Amino acid sequence: QVQLVESGGGLVQAGGSLRLSCAASGSISSINAMAWYRQAPGKQRELVANIITGGSTTYADSVKGRFTISRDNANNTVLLQMSSLKPEDTAVYYCNARLRLLFSAILRNYWGQGTQVTVSS
């Protein structure tokens, strides 16, 4: 019913930049919030950044000042601009959307397949 397709991951040197993109498609009525999470090997998945309808954002302390989340509501797309990347940012990054399907009032969570970001020192 809903697909989240991510792109933009890859290998970058420390201090470099990457931009992740995630597009949501399917039987979507409205999207309440979109977010990026990440999971490093051996660690739990953690919230990186979140943006709700209206534009309010939340960031993990570890990425504040370096990452910027933005959203294109018309195209159901969320972007994560990552700058001054560090080796500890290496992880699989997952897109998340909290949304309502057509003809439903229930808020549901959907996840993308993940995209690898590797930062070399």
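Select Ser84, which is partly exposed, with a relative accessible area of 41%. The terms work as follows: under 20% relative accessible area is buried, over 50% is exposed, and partly exposed lies in between, computed with a 1.4 Å probe on protein chains only. The model in the viewer is predicted, so local features need pLDDT of at least 70 and side-chain atom pairs count only at pLDDT 80 or more, while totals for chains, interfaces and linings use all residues. Residues are numbered from 1 along each chain as its sequence is written, and side-chain values use heavy atoms, with hydrogens and water left out.

**Two loops with a positive phi**

Stay on Ser84, in the loop between β8 and β9. Strands here are DSSP runs of E with at least two residues, helices are runs of H or I with at least four, and both are numbered from the N terminus. Ser84 is not a glycine, yet its phi is positive, about 50 degrees. Most residues other than glycine have a negative phi.

Next select Asn76, in the loop between β7 and β8. Asn76 is another residue other than glycine with a positive phi, near 50 degrees. The hairpin of β7 and β8 that holds Asn76 has 4 residues between the strands. With a relative accessible area of 22%, Asn76 is partly exposed.

**The sheet of four strands**

Now show β1, β3, β8 and β7 together. They form an open sheet in that order, β1-β3-β8-β7, with antiparallel pairing. β1 (2-7) and β7 stand at the edges with a single partner strand each, so one side of each has no neighbour in the sheet. From one strand to the next, the twist averages 15 degrees; the axes behind such angles are lines fitted to C-alpha atoms, for helices over the stretch in contact, and the angles run from 0 to 180 degrees between N-to-C directions.

Strands of a sheet pair through backbone hydrogen bonds, either parallel or antiparallel. For a pair to count, DSSP must find at least two bridges between the strands.

Go through the pairs one at a time:

- β1 and β3 run antiparallel and are joined by 6 bridges. Select Glu6 and look for its bridge partner in β3, Cys22.
- β3 and strand β8 (residues 77-82) run antiparallel, also with 6 bridges. Select Arg19, whose bridge partner in β8 is Gln81.
- Strand β7 (residues 67-72) and β8 run antiparallel, with 6 bridges. Select Phe67 to find Met82 of β8 opposite.

**The disulfide**

A search of the whole structure finds 1 disulfide. Cys22 is in strand β3 (residues 18-26) and Cys95 in strand β9 (residues 91-101), so the pair ties together parts that are 73 residues apart in sequence. A torsion of about -80 degrees about the S-S bond of Cys22 and Cys95 makes the disulfide left-handed.

Are the two cysteines buried or exposed? Cys22 is buried, at 0% relative accessibility, and Cys95 is buried at 0% as well.

**Rings and a charge**

Select Tyr37 and Trp111. Their rings form an edge-to-face aromatic pair, 4.9 Å centre to centre with 65 degrees between the planes. Rings of Phe, Tyr and Trp (its six-membered ring) pair if their centres lie within 6.5 Å; planes under 30 degrees apart are stacked, over 60 edge-to-face, and the rest tilted. Tyr37 belongs to strand β4 (residues 28-39) and Trp111 to strand β10 (residues 107-111), so the pair ties together parts 74 residues apart in sequence. Tyr37 is partly exposed at 23% relative accessibility, and Trp111 is partly exposed at 38%.

Which rings does the charged end of Arg45 sit over? One is the ring of Tyr94, 3.7 Å from its centre, and another is the ring of Trp111, 4.7 Å from its centre. A charge sits over a ring if NZ of Lys or CZ of Arg is within 6 Å of the ring centre and within 35 degrees of the ring normal.

**Two last stops**

Select Gly8, in the loop between β1 and β2 (10-13). Apart from neighbours within four places in sequence, Gly8 is in contact (heavy atoms within 4.5 Å) with Leu18, Arg19 and Leu20.

Finish at Gln116 in strand β11 (residues 115-120). Residues up to four places away in sequence aside, Gln116 touches Gly9, Gly10, Thr90, Ala91 and Val92. Gln116 is partly exposed, at 40% relative accessibility.

Definitions and conventions: A disulfide is a pair of cysteine sulfur atoms within 2.5 Å.
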